[in-house]
Amino acid sequence: MSTNWPKPHHGHASEYQVSSWPFLTSSNVGTSPVEIRFPYVTRWVSVGCNTATKTVSFGVTSAGTTGTLTNNFFTVPAGVVAGPFELKCTSIFIKGSDTAVAFSVAAGLTNVNGGDFPAITGSNGFTGVG
């Protein structure tokens, strides 16, 4: 019997069919993007804006989130939790509409190591990410 089992990979459908491991964080953010790194590839991501009258935006690249190249981000209104978004990624970038905007992130993690995941950038052929 072989002990050389295949390791989890971002292309394995079974990693996205089962319940995921929880990842939760909350903090404040200003108008410069902050990267939230996940220890494993995500199955889904939710982002909440916890500050009244302000918004948070998030994307999968810093450039996409700031809108310096293109506006490849999603904006979450005050008091709203957006998602879950079925996203395979190893990090997201969050920025606020003003200083000290409170946000929360919830994500479901797979068993796929982040180091085995491709870089999601426009320069790697991924369109619509920044």
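Start by selecting Ala100, which sits in the loop between β7 (91-96) and β8 (101-113); strands here are DSSP runs of E, at least two residues long, numbered from the N terminus. Check its backbone: Ala100 is not a glycine, yet its phi is positive, at about 55°.

A quick word on what you're looking at: this is a predicted model, where local features need pLDDT of at least 70, side-chain atom pairs count only at pLDDT 80 or more, and totals for chains, interfaces and linings use all residues. Residues are numbered from 1 along each chain as its sequence is written, and side-chain values use heavy atoms, leaving out hydrogens and water.

Next, hop to Thr53, in the loop between β3 (40-49) and β4. Thr53 has a positive phi too, near 70°, and isn't a glycine. Is Thr53 buried or exposed? At 78% relative accessibility, Thr53 counts as exposed (over 50% relative accessible area with a 1.4 Å probe, protein chains only; buried is under 20%, partly exposed in between).

Now bring up the open sheet of 4 strands, ordered β2-β7-β4-β5 with antiparallel pairing; two strands pair if DSSP finds at least two bridges between them. At the edges are β2 (34-37) and β5 (74-76), each with a single partner strand, so one side of each has no neighbour in the sheet.

Zoom in on β4 (residues 56-59), which is joined to β5 by 3 bridges, the two running antiparallel. Here Phe58 stands opposite Phe74 in β5.

Last stop: Pro84, in strand β6 (residues 81-85). Look at the peptide bond from Gly83 to Pro84: it is cis, with omega near 10°.
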